[in-house]
Amino acid sequence: SATTHDVIPDPSTQFYWALHPHDDITATVGDSIVFRTAVGYHDVALVQTPEELDACDVSNAATLVDTMGTLVANGTGSVEMKSQYFYEFTYNTTAPGTYYFVCTVGAGSHCLTGQKLVLTVEEGDSSETIPVMATATPFWTVGVGYPPMNITLGDSVRFVSDNQGYHDVALLNTSMCNATDGYSCCTSYDIMPAVLTELYEEQDFVADQEFIWTPNATGYYEVVCT
């Protein structure tokens, strides 16, 4: 019988603070919490209450690091620029309690995609480094990688995303995008429309956050978000 295969991020790429759900963290005083993210796209901030976190109400959020990787709240941690594209913010846990982290970009729309987490800090004395990780659940987004999939003709592929209109699902024309050259028609910012077949548009995910695609022929397919 036909099988539906979920699109799930590759575990080796889940160390990334971006537009997807994140694992909550339990730590001990003295531990370091590391956020890895893209320069120019995401910040790291704290809200005060679980209600603000749940609603992604960032109107009173306290920004710790801005989108360019500049430390705003001195004494909370440190920033290391890993390249021109990525920075890592290390948050120092200094007191027990519950902390609610969000990205404030888009007036909370990034948070609504799942870019938030709860950090519970317990009493003790520790020095562990804990990375902020994407949750290993079906989710189609940017910033993480996806392992190749091999399916049988008649099977389907399920893409789950947020309702904020950030992502689509498209096929590259492999005759124009050399199929052996790793998505060679993708650039840092754009893909030429002439080489795309749109399967599910951004506004489609706004209406329905699940898209199931059933290829109608055997072959090699390059599936992307544009």
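Tutor: Cys 186 is found in the loop between strand 12 and strand 13, where helices (H or I, at least four residues) and strands (E, at least two) are DSSP runs numbered from the N terminus. The model is predicted: local features need pLDDT of at least 70, side-chain atom pairs count only at pLDDT 80 or more, and totals for chains, interfaces and linings use all residues. Residues are numbered from 1 along each chain as its sequence is written, and side-chain values use heavy atoms, with hydrogens and water left out.

Student: Is Cys 186 buried, partly exposed or exposed?

Tutor: Buried means under 20% relative accessible area, exposed over 50%, and partly exposed in between, with a 1.4 Å probe and protein chains only. Cys 186 has a relative accessible area of 31%, and therefore counts as partly exposed.

Student: Which residues is Cys 186 in contact with, leaving aside its neighbours within four places in sequence?

Tutor: Contact means heavy atoms within 4.5 Å. With neighbours within four places set aside, the residues in contact with Cys 186 are Leu 172, Ile 191 and Val 224.

Student: In what order do the three strands of the open sheet lie?

Tutor: Two strands pair if DSSP finds at least two bridges between them. Strand 12 (residues 169-172) and strand 13 are joined by four bridges in the antiparallel sense, with Val 169 opposite Tyr 200. The pairing in this open sheet is antiparallel, and the order is 13-12-15. Pairing on one side only, the edge strands are strand 13 (196-200) and strand 15 (223-224).

Student: Which residue in strand 9 is the bridge partner of Tyr 99?

Tutor: Strand 8 (residues 97-102) runs antiparallel to strand 9, with six bridges between them. Strand 2 (residues 25-28) runs parallel to strand 9 (residues 116-122) and is joined to it by four bridges. Ile 25 stands opposite Leu 119, and the bridge partner of Tyr 99 is Leu 119.

Student: Which cysteines form a disulfide?

Tutor: A disulfide is taken as a pair of cysteine sulfur atoms within 2.5 Å. A search of the whole structure finds one. The sulfur atoms that meet the criterion are 2.1 Å apart and belong to Cys 56 and Cys 111.

Student: How far from Cys 103 is the nearest cysteine sulfur?

Tutor: Cys 103 is buried, with a relative accessible area of 0%. Cys 103 is in no disulfide, and the nearest cysteine sulfur, that of Cys 111, lies at 8.3 Å.

Student: What is the phi of Cys 56, and is this residue buried or exposed?

Tutor: Phi of Cys 56 is positive in a residue other than glycine, near 55°. Its relative accessibility is 6%, so Cys 56 counts as buried.

Student: Is Ala 107 buried or exposed?

Tutor: Ala 107 is found in the loop between strand 8 and helix 2. Although not a glycine, Ala 107 has a positive phi of about 55°. Its relative accessibility is 71%, so Ala 107 counts as exposed.

Student: Why is the pair of Tyr 91 and Phe 101 classed as it is?

Tutor: Rings of Phe, Tyr and Trp (its six-membered ring) pair if their centres lie within 6.5 Å; planes under 30 degrees apart count as stacked, over 60 as edge-to-face and the rest as tilted. Tyr 91 lies in strand 7 and Phe 101 in strand 8, ten residues apart in sequence. Their ring centres are 5.1 Å apart and their planes are at 85°, so the pair is edge-to-face.

Student: Which residue has its charged end over the ring of Phe 86?

Tutor: A charge sits over a ring if NZ of Lys or CZ of Arg is within 6 Å of the ring centre and within 35 degrees of the ring normal. At 26% relative accessibility, Phe 86 counts as partly exposed. The charged end over its ring, 4.3 Å from the centre, is that of Arg 36.
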